[in-house]
Amino acid sequence: MGKQANTRVFEAGPQAVEPDLLSVIAPLVKETPVTRTTGKIVSQYGASFVVQSGGKPVTSSRAVSCLVGPEVGDIVVLMDTGEGAFITDVLRREAEAAGSLKIDLSRADGSPQQAVLSAGSLKLEADERLDASAGEIAFQFKNLLMSGDQVAMVGRKLVTSMQEILTQAGKLLATYDMTSTRAQHRIDSVTETDQLKAGSIQTQAETVAISQAGSAIVVAKEDVRMDGKRITMG
């Protein structure tokens, strides 16, 4: 299947070698034939692929430069060299199997390796959904902007360590089984109404508790009790 093209790759020619070094280098100069064909992957065994090319099966492996992971049924470019046969490109994938396209940055044997994308700016676009999964994800940045109609964070534990946190929202709704806050100083400023509903309220102050209001109303269904060594009113 496909058109074949023969390419001859040479190392340094004799005319570029000093005469006294020719006798040493000459045994290393040899012609290496490289053949490019196309074919269809018919089976896969681990990191090896069997490609039907030119009417015969060829056992090959994925070249490092082939970023798209080959799959059975793909039409691929096959390079046959003295080092073996390699799949260099994926040309076509069957329509029923074209829903998922995998960019494979693993080693030729399928084992993982570190991959680095370096660019002045990098933009990822997805019309529907963008997923990222890993055992650990780390971001390092000077500024982080997240904008959207809805942001959801779901997990077992959330830990934040910041020198300053600023939150602006039209409405803030929070639901907890239990919440605990520890602060050296806390200042709350409410311009209109501050309302608290609870089954029971307990407030403890180590030194002084001060409440100031233009008018104060205390309503109890049964008893109002004030205990202290000295109670001053008025």
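User: What should I know about the numbering and the cut-offs of the model?
Analyst: Residues are numbered from 1 along each chain as its sequence is written, and side-chain values use heavy atoms, with hydrogens and water left out. In this predicted model local features need pLDDT of at least 70 and side-chain atom pairs count only at pLDDT 80 or more, while totals for chains, interfaces and linings use all residues.

User: How many helices and strands are in the chain?
Analyst: The chain has one helix and six strands, in the order β-α-β-β-β-β-β. These are DSSP runs numbered from the N terminus: helices are H or I, at least four residues, and strands are E, at least two.

User: What share of the residues is buried?
Analyst: 14% of the 234 residues. Buried means under 20% relative accessible area (1.4 Å probe, protein chains only).

User: Which residues form the largest nonpolar core?
Analyst: I41, F49, V51, V58, C66, V76, L78, A85 and I87. Such a core is a set of buried Ala, Val, Leu, Ile, Met, Phe, Trp, Tyr and Cys residues joined through side-chain atoms within 4.5 Å.

User: Which elements give two or more residues to this core?
Analyst: β3 (48–53), β5 (75–81) and β6 (84–92).

User: What is A85 in contact with, leaving aside neighbours within four places in sequence?
Analyst: V58, T59, S60, S61, L78, M79 and D80, where contact means heavy atoms within 4.5 Å.

User: Switching to R62: buried or exposed?
Analyst: R62, in strand β4 (residues 56–62), is buried, with a relative accessible area of 5%.

User: What does its side chain reach?
Analyst: The R62 side chain reaches the backbone oxygen of C66 at 2.9 Å.

Key
Buried < 20%, exposed > 50% of the residue type's maximum accessible area, 1.4 Å probe, protein only. Polar contact = N/O pair within 3.5 Å; in protein donor to acceptor, adjacent residues only side chain to side chain.
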